[in-house]
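These entries record what I looked up in the structure shown below.

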Amino acid sequence: MAPMPCCCSPAAVRRRLPVLAWLPSYSLQWLKMDLIAGLSVGLTVIPQALAYAEVAGLPPQYGLYSAFMGCFVYFILGTSRDVTLGPTAIMSLLVSSYTFHEPAYAVLLAFLSGCIQLAMGFLCLGFLLDFISCPVIKGFTSAAAITIGFGQVKNLLGLRDAPRQFFLQVYHVLGSLGDTRAGDAGLGLVCMLLLLLLKLMRDHLAPTHPEMPPGVRLSHGLVWTATTARNALVVSFAALVAYSFEVTGHQPFILTGKIVEGLPPVQVPPFSVTTANRTVSFTEMAQDMGAGLAVVPLMGLLESIAVAKSFASQNGYRIDANQELLAIGLTNVLGSFVSSYPVTGSFGRTAVNAQTGVCTPAGGLVTGVLVLLSLGCLTSLFPYVPKAALAAVIIVAVAPLCDTKIVRTLWRVKRLDLLPLCVTFLLCFWEVQYGILAGTLVSGLILLHSVARPHMEVSEGPVLVVQLASGLHFPAVEALREAIASRALEGPRAARPAVR
C-alpha cells in the first residue's frame, strides 16, 4: 500500500502558505513594481474606506480599521498576486442591513463571518458557491449598485434624516429636493465630474515606449499617477476647499465630523453590548443579525473568489479556491480584533493593482502600512472632508457594478435565466436576503428541471437509439421510460429493441 501523504510535507506546507513558493525568488525588480502598486492601491483605498464606512452606517474610522488587516494576511495566504482585500461597497451595504448602524454588531459580524469562512475552507466546501448562479449574482450586484448609489444622493444634495429602506429613501429624497443645499450639491457634482474626467484620462492614456524622450516619460508618469490616485486627489481638493471656508467662519458644506484619532485598540470582539437600559447578550446579538450570519460570509466569499478567478484567467495563472476561503476567513477573524467590519476582495482596487504591474502579494504590505500611517498621522485632517465628496467617490465607484449587458447576453443565450436575474434584482430592493434566497431558489428549480427532464435525441431504425444530453439521474427515469416505450412501440412493428 502506498504511504499516505504527510500533512507536514514541504508541498503541503507551501500549499497552505503560498508565500513560501515565491518569496525565495523575490527580486529587486519585483520590489520596485510592488512598491508602485502598493502605493497606488493605498491612495485609492484611504478615501474609499472613509466613504464605505458611510455606506455601512458606521463612523468613518471603521472604514480605515477594516482596510489594513487583509493586506497583511493575504501576503502570507493569498494565491493571487492581484487581489486586494478590504471594505467594498456591496459588503458595506450588507453590513448596514444587518448591524443596525452599531459598531459592536459590525465587529461581531466580522468575527462570526470569518469563523464560518474558515470552516468552509478547512472542509473544502468552496464548491457550494457554484450553486449561486451568475444571473443571481448579477441581479444582486446591479440592485446593490443602484441602492448604494441612490443612498448617497442625500449626501450629494446635503439632505438629512433619510430612511434606510430603498423605496422610503426614494420617496424622502424626491420630497425633499426643495431642501437641497447649494454648496453640497455644487461640490458633489464638481467632484463627480473631476473623477469621471480623470478616469477617462486614465483609460485613454497611451502606453510608454523606451524610445520616448525622458521629458515625455516624466509627464506620462505624472499624469498616470494623478489619474490612478484620483480618489485621493479629489477628496483632498474638497477638504482643502472646506477648510478654507472653515477659516473664514462660514461653512457651506456638511463635513464628515470628528474622527477618533490614532490606531484602533487591539481587543476581543464584543460578545455583548451594554445599552442605557440593559445588556444585550451574545445570543440576542446573533438572533438580531439573523440571516446576515449566512448572507454576509457567503457573499464575501463569492465576491472575493469571483475577483480572484477573473484576474487569474486574464493574467494566465491559477488560484486555489479553498485557500482563498482561508485567507478571507482569517482576515475577518483577525480584523475583528482591531474593530474591522466584514471585508472581501475589491474589484476596483484589484484592477488598480493589476494595471500598475504588481508582481506578488507583497504589494499589499505597502498598502497596509500606508493605511496605518494615515490612521496614525492624518486622522486630524479627515473631519474637514465634505460628505458630498465622499458621496461622489462612492457613486462613481459603484456605477460600473450595474451590468446591463447581462440582459442582452441571457436573451441571446438562454432566456430562461432572465427569470432568476429579474427575481433577484427586484426583491433585493426590498430585502437583500430575500432577493438572494428567491433568486437561488428559482435558479435551483431550473437546474432540477433540467435534471428531471433531460433533453433526449432519438434515432429511428431497427434499433431505437436514445441519446441523453446529460447524465441519467433517478428523477429522469420515469420520463426516459415513457419516451422509450412510446417510441419503441409505435409504428408497424410491435416492438423494437432500444439502446441508450
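**Entry 1: Ala238**

I listed the contacts of Ala238 and, leaving aside residues up to four places away in sequence, found that Ala238 touches Leu187, Cys191, Pro386 and Ala389. The model is a predicted one. I located Ala238 in helix H13. Is Ala238 buried or exposed? I noted a relative accessible area of 0%, and because the limit for a buried residue is under 20%, Ala238 counts as buried. I then took a C-alpha to C-alpha distance: Ala238 and Leu390 are 9.3 Å apart in space and 152 residues apart in sequence.

**Entry 2: the largest pocket**

I next looked up the largest pocket, which holds about 1,100 Å³ of space. Its lining has 37 residues, and those closest to the pocket centre are Phe347, Gly348, Ala397, Pro400 and Leu401. H17 gives the most, with six residues. Sorting the lining of the largest pocket by class, I recorded 19 nonpolar, ten polar and eight charged residues.

**Entry 3: the second largest pocket**

For the second largest pocket I noted about 690 Å³ of space. It is lined by 38 residues, of which Val55, Ser96, Lys154, Arg164 and Gln169 are the closest to the centre. At least two lining residues each come from H3, H6, H8, helix H9 (153-157), helix H10 (166-175) and H19. Which element supplies the largest share of this lining? I found that H8 does, with six residues. The class count for the lining of the second largest pocket is 19 nonpolar, twelve polar and seven charged.

**Entry 4: the chain**

Finally, I looked up totals for the chain. I counted 23 helices and seven strands in its secondary structure. Along the principal axes, the C-alpha atoms fill a box of roughly 100 × 60 × 55 Å. Of the 500 residues in the chain, 49% are buried. I also checked the contacts with a separation of 6 or more: 78% of them join residues 24 or more positions apart. The accessible surface comes to about 24,200 Å², and carbon and sulfur atoms account for 68% of that surface.

Notes
Residues are numbered from 1 along each chain as its sequence is written. This is a predicted model: local features need pLDDT of at least 70, side-chain atom pairs count only at pLDDT 80 or more; totals for chains, interfaces and linings use all residues. Side-chain values use heavy atoms; hydrogens and water are left out. On a 1 Å grid over the protein atoms alone, a cavity is a set of points where a 1.4 Å probe fits but cannot get out, and a pocket is an open set with protein on both sides within 12 Å along at least five of seven lines; lining residues have an atom within 4 Å of a point. Grid points are joined across faces, edges and corners, and a volume is the space filled by probe spheres set on the points. Helices (H or I, at least four residues) and strands (E, at least two) are DSSP runs, numbered from the N terminus. Ala, Val, Leu, Ile, Met, Phe, Trp, Tyr, Cys and Pro count as nonpolar, Asp, Glu, Lys and Arg as charged, and the others, Gly among them, as polar. Buried means under 20% relative accessible area, exposed over 50%, partly exposed in between (1.4 Å probe, protein chains only). Contact means heavy atoms within 4.5 Å. Accessible areas come from the Shrake-Rupley method with a 1.4 Å probe; for residues, only the protein chains shown count as cover.
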